[in-house]
Amino acid sequence: MRISQLDGKRVALWGWGREGRAAYHAIRARLPQLELTLFCSPDEAADARGLHDARLLVETAATAERLGGFEWIVKSPGISPYRAEALAAAEQGARLIGGTALWFGEQAATRAGGRTVCVTGTKGKSTTTSLLAHLLRAGGHRTALAGNIGLPLLEALDALESPQPPQFWAIELSSYQTGDVGVSGARPDVAVALNLYPEHLDWHGSQARYVEDKLRLLTQARPRIAVLNAADPVLSALRLPDSEIRWFGDAAGWHLRGDALWRGEREVMDTASLPLPGRHNRGNLCAVLTAIEALGLDAAPLAPAAASFRPLPNRLQPIGENDGVAYVNDSISTTPHATLAALDCYAGRRIALLVGGHDRGIDWQGFAEAMRTRAPLAIVTMGENGPRIHALLEAVAGEGGFALSAARDLADAMQQARAALGAQGGVVLLSPGAPSFGPYRDYVARGRHFAELAGFDPEAISAIAGIGIA
């Protein structure tokens with residue numbers, strides 16, 4: 001699907017976040033005469049009307065009846081196609097598409113802009129995509145880092161026809177975007193799938209549909225080479241007749257033995273000192289090196305460049321120490337599995353853990369059971385699902401030997417965490433295992449507030465290095 005194919009059609013934009021604005025500007029630059037209707041929130045309407053575009057009608061009620069009157073609806077990723085009004089519009093003939101599909105349609109049609117590596121997974125995809133771009137650049141390759149990580153692909157559309165286009169595109173895709181690639185008709189050169197845990201159940205509607213949507217990058221987009229985690233039970237059982245599969249995490253390919261990185265039977269380097277917190281992140285280095293090999297490059301000489309990688313904010317990010325207390329910002333943690341991984345990174349330390357946030361119905365029973373033997377010194381629950389988590393933890397607190405308390409908000413949770421650590425100090429770990437919606441716009445805002453409450457400059461912890469083309 002190319003942008004030019006929207007010409008003369010009844011087209012709506014649904015959503016006015018950064019992705020929505022990127023779609024608008026990409027369409028308007030190529031189809032200046034196209035009549036567009038934007039559906040957005042009342043808070044966003046003033047910004048859109050401030051464009052003074054006579055061919056842009058701004059509305060604030062995205063009803064099924066109104067949406068059904070369009071042939072194409074270019075929606076932002078956060079808007080679920082399973083919403084009642086989206087399903088009703090589709091039944092009336094409207095076709096929903098995302099900006100990711102439009103970019104891939106242009107890239108496939110122009111055959112420009114270099115080879116594509118798409119990265120998805122429940123956890124670790126941002127770090128993996130950034131590390132991939134970092135190592136490719138270390139090898140002297142002009143590389144774009146874009147997608148869900150913070151640069152919508154449509155904002156980088158002009159780079160496809162640049163005099164110096166990227167040789168490679170390192171693209172992070174969320175489960176909201178993976179289906180777009182298949183819809184576009186494009187085939188990624190390489191697709192990397194890291195892991196699958198329950199997440200975003202409110203958007204997808206069920207765990208089964210989440211897995212199905214996530215796997216569309218592999219099953220529908222039919223990448224030429226699929227790089228899969230041999231240790232993930234769902235991924236390891238996949239059969240992809242249209243793709244070559246290369247595994248990471250097994251003895252024949254890139255894998256870890258303790259802290260040592262191996263390629264088959266050859267030891268390559270020690271990973272203990274790399275700026276990749278947690279064994280799971282060092283495991284993702286194996287995914288990156290496998291993807292680089294899938295591109296036809298020699299990965300082993302690039303592996304040592306991981307030592308100069310700058311970790312991403314909000315991902316097990318040490319932000320500083322005050323009065324004997326170290327603060328670690330893992331605000332991007334939105335599943336109990338991620339919280340367990342964060343605890344493993346600080347095993348042996350005195351930890352006060354902050355958990356809870358927006359309730360998407362994810363089961364915390366497994367986390368509670370793990371606290372019988374893997375508990376920190378203290379756990380403070382907070383947020384919408386805090387009471388539900390608290391009730392599960394109460395049943396195991398005696399056996400786990402941890403202090404348990406409930407907080408009104410993040411500020412109260414941090415005060416309780418510091419009190420639990422006492423004069424001996426330790427680590428206050430924000431790894432909530434749940435989204436931030438409600439008090440915060442997103443996990444970035446939550447992480448910034450955490451840093452501010454801990455006495456640090458939120459600006460200093462927020463930048464993601466390497467986004468864009470270099």
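At what angle do helix α17 (residues 410–421) and α18 pack, and how far apart are their axes? The first legend answers this; the model shown in every view is predicted.

**View A. Packing of helices α17 and α18.** In this predicted model, helix α17 (residues 410–421) packs with α18 at an angle of about 45°, and their axes are 10 Å apart. The two helices α17 and α18 are therefore oblique to each other. The crossing of α17 and α18 has right-handed sense.

**View B. Packing of helices α13 and α14.** Helix α13 (residues 336–345) and helix α14 (residues 365–374) cross at roughly 15°. Their axes come within 11 Å. An angle under 35 degrees counts as roughly parallel, so α13 and α14 are described as roughly parallel to each other. α13 passes α14 in a crossing that is right-handed.

**View C. The aromatic pair of Y327 and F456.** The count of aromatic pairs in the model comes to 7. One of these is formed by Y327 and F456, with 6.3 Å centre to centre and 65° between the planes. Planes over 60 degrees apart count as edge-to-face, so the pair of Y327 and F456 is edge-to-face. Y327 belongs to strand β16 (residues 325–329), while F456 is in the loop between α18 (443–453) and β21 (468–469). The pair thus links distant parts of the chain, the two residues being 129 residues apart. Y327 and F456 are both buried.

**View D. The aromatic cluster of W103, F104 and W169.** Ring pairs join W103, F104 and W169 into a cluster.

**View E. Arginine charges over aromatic rings.** R209 has its charged end over the ring of Y82, 3.9 Å from the ring centre. For R257, the charged end sits over the ring of W262, 3.9 Å from its centre.

View F. The structure holds 0 disulfides. For C345, the nearest cysteine sulfur is that of C286, 15 Å away. A disulfide needs two cysteine sulfur atoms within 2.5 Å, so C345 is in no disulfide. C345 has a relative accessible area of 28% and is partly exposed. C40 has 8% relative accessibility; buried means under 20%, so C40 counts as buried.

**View G. H280 in helix α12.** H280 lies in helix α12, which spans residues 279–294. Its relative accessible area is 35%, and H280 is therefore partly exposed. P188 is 92 residues from H280 along the chain, and the C-alpha atoms of the two are separated by 25 Å.

**View H. I171 in strand β8.** Strand β8 (residues 168–172) contains I171. The relative accessible area of I171 is 0%, so I171 is buried. A403 is 232 residues from I171 in sequence, and the C-alpha to C-alpha distance between them is 42 Å.

**View I. R83 in the loop between β4 and α4.** R83 is located in the loop between β4 (72–75) and α4 (84–91). With 36% relative accessibility, R83 counts as partly exposed. R83 and L404 lie 321 residues apart in sequence, and 37 Å apart in space from C-alpha to C-alpha.

Note on methods:
Residues numbered from 1 in each chain as written. Predicted model: local features only at pLDDT ≥ 70, side-chain atom pairs only at ≥ 80, totals over all residues. Heavy atoms only, no water. Phe/Tyr/Trp six-rings, centres within 6.5 Å; stacked < 30°, edge-to-face > 60°. Helix = DSSP H or I, 4+ residues; strand = E, 2+ residues; numbered from the N terminus. Buried < 20%, exposed > 50% of the residue type's maximum accessible area, 1.4 Å probe, protein only. Lys NZ or Arg CZ within 6 Å of the ring centre and 35° of its normal. Axes fitted to C-alpha atoms, helices over the stretch in contact; angles between N-to-C directions. Parallel < 35°, antiparallel > 145°, perpendicular 65-115°, else oblique. Left-handed = near helix turned anticlockwise from the far one by under 90°.
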